[in-house]
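Please keep the sequence and the structure in view while reading.

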Amino acid sequence: MTSIDPLETIKVAVLQRLEGHFGLDVSPWMGVVPRILHRLTRSGDFPKHPSPTEADELTHRVFEELLLGHTRFYRHPRSWDWLRQSWKPDGDRPIRAAVLGCSSGEEVYSVLALMAEMDRLGNATCLGVDANRRSLDQARAARYEADNVGNAPEPWRLRAFFSAPGSTVQVKEEIRSRARFETMNLARSFPQGTFDLLVLRNVLIYLSRGVIEGILERCRQHGEGGLLVVAPQEAFMLSGAGWANQVEPGLPVYRIGPVREDLESGWKVDEGKSTVARRLQPTVQPEATAETTEEATVEALSSTSSIAAAGPRLVSGDSQWEEVHGALRKALQSPPESLILDLSKVRQTDYDVKKALGACLGLLAASGCQVSVIATGEGLFPLSPDVTRLLPQSGRE
Ligand SMILES: C[S@@+](CC[C@H](N)C(=O)[O-])C[C@H]1O[C@@H](n2cnc3c(N)ncnc32)[C@H](O)[C@@H]1O
């Protein structure tokens, strides 16, 4: 007899919407989404049989819980240092900047602090957009933990830009008044107008390939002649999409060239190639099949039950996350059938690199590569959920 678990049905619908509507690459999240759904429906926030409107809201809530939007002032300092020293926007005309995926706003205020240092704040504006409504509330409030400002250059901290320094800091009104925030789903829309500076960091890593291409093309259309800044671990995506004009070798800051007529523009959320469709469609099935499919998903994502027999083996020493990340990025250009990542010697951790590493592992797994991770724990934890999911059970606690 066929029995359909309502949560299973919601799971498929939510995953499909995360992919089709928000453009997320859901492959790293397959295991986490059911747990979030379970909590949200058990807490009574949502019914087990949501109406279409409730299902949309539920998807948005899951999106917000998945992408917690870790950020801070002056994150990835090398790019900011370059902007501070070398960026000279033309003339006296107003400067327009936008931060795409701004989370709680630290990058927006970093951009404006930079304008203030250049004495260009008076006619500058910075728009921050994000699909996470809760993060945007925090961005508008402009109050942050003092630790979050730690990366920023000393003059920013000491003088001009924050009032009431203590355990929290408040961005000063003269800076705050030049910022504007909008809820926006970048897989579906893009800010109006043209921009001198576009900051798009640690967002592409979450999105599917067609959506990344669409967003990058919009960056060209809306930022021609200006600059685009991405995160260091995203530079390989730009080179894959034909972006070559970095302001300095190795720095993920790009001069935005003219719009390419030969490229199709627009967002390509290709339902036909949907990861969810491929992985989960058979789950609304007789009970036994549903279980088998779930196992298959875990297997495809992690191969945790057995170490892949062949394929390259990457061994990381302590503090070698950056090197491992670089090697994984290379592997992404032509994914092997299987890959072993030996992290057993790693004792130290760095949040950003771990996150990037998790994204790479997710992308590799999504491309069909059997990824096996060897880890003993200790210095590795807490790992990002993406990496944790790839570990054998014994390595998790
Ligand atoms: C890790 S945070 C990065 C924040 C900041 N850019 C930084 O690098 O510090 C990723 C942000 O991208 C946002 N995001 C992801 N997909 C999005 C989409 N389709 N539309 C708008 N924002 C999105 C998330 O909500 C999250 O706030």
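This is a predicted model: local features need pLDDT of at least 70, side-chain atom pairs count only at pLDDT 80 or more; totals for chains, interfaces and linings use all residues.

## Strand β1 and its two partners

Is strand β1 enclosed or open to the outside? Of the 6 residues of β1 (residues 95–100), 6 are buried, so the strand is largely enclosed by the rest of the structure. In a regular strand, side chains alternate between the two faces of the sheet. In β1, Ile-95, Ala-97 and Val-99 point one way, while Arg-96, Ala-98 and Leu-100 point the other way, and all are buried.

Strand β1 is joined to strand β2 (residues 124–130) by 6 bridges, and these two strands run parallel. Within this pair, Ala-124 of β2 is the bridge partner of Ile-95. Strand β1 also pairs with strand β7 (residues 197–199), again in the parallel sense, over 3 bridges. Here Val-99 has Val-199 of β7 as its bridge partner.

## The three-stranded sheet

A further open sheet consists of 3 strands in the order β10-β11-β12, with parallel pairing. Strands β10 (313–315) and β12 (370–374) stand at its edges; because each has a single partner strand, one side of each is left without a neighbour in the sheet. Neighbouring strands of this sheet are turned by 15° against each other on average, direction ignored.

Strand β11 (residues 338–342) is connected to β10 by 3 bridges, and the two run parallel. Leu-314 has Leu-341 of β11 as its bridge partner. Between β11 and β12 there are 5 bridges, and this pair also runs parallel. In this pair, Asp-342 stands opposite Ile-374 of β12. Strand β12 is mostly covered, since 4 of its 5 residues are buried.

## The nonpolar core

Which residues touch the most other members of the largest nonpolar core? Among its 81 residues, these are Val-111, Leu-112 and Cys-126. Helix α5 (residues 106–117) gives the most to this core, contributing 7 residues. The core draws at least three residues from each of domain 1 (6–66 + 270–283) and domain 2 (77–255).

## Surroundings of the ligand

The ligand has 24 residues around it, and those that come nearest are Gly-69, Thr-71, Gly-101, Ser-103 and Asn-202. By class, this shell comprises 10 nonpolar, 10 polar and 4 charged residues.

Two of these nearest residues can be related to other parts of the chain. Ser-103 lies 33 residues from His-70 in sequence, and their C-alpha atoms are 7.5 Å apart in space. His-70 is found in the loop between α3 and α4. With 13 other C-beta atoms within 10 Å, His-70 is partly exposed. Gly-101 is 35 residues along the chain from Leu-136, and the C-alpha atoms of the two are separated by 10.0 Å. Leu-136 belongs to helix α6. This residue counts as buried, as it has 22 C-beta neighbours inside 10 Å.

## Two residues with positive phi

His-76 has a positive phi of about 55°, although it is not a glycine. This residue is placed in the loop between α3 (52–66) and α4 (77–86). Is His-76 buried or exposed? A residue is buried if 20 or more other C-beta atoms lie within 10 Å of its own. His-76 has 20 such atoms within 10 Å and is therefore buried.

Ala-142, which is likewise a residue other than glycine, has a positive phi near 60°. Its place is in the loop between α6 (133–141) and β3 (143–145). Because Ala-142 has 21 C-beta neighbours inside 10 Å, it counts as buried.

Methods:
Residues are numbered from 1 along each chain as its sequence is written. Two strands pair if DSSP finds at least two bridges between them. Axes are lines fitted to C-alpha atoms, for helices over the stretch in contact, and angles run from 0 to 180 degrees between N-to-C directions. A residue is near a molecule or strand if its C-beta atom, placed from the backbone, lies within 6 Å of it. Ala, Val, Leu, Ile, Met, Phe, Trp, Tyr, Cys and Pro count as nonpolar, Asp, Glu, Lys and Arg as charged, and the others, Gly among them, as polar. A residue is buried if 20 or more other C-beta atoms lie within 10 Å of its own, exposed if 12 or fewer, and partly exposed in between; C-beta atoms are placed from the backbone. A nonpolar core is a set of buried Ala, Val, Leu, Ile, Met, Phe, Trp, Tyr and Cys residues joined through C-beta atoms within 7 Å. Domain bounds come from an automatic or database domain assignment.
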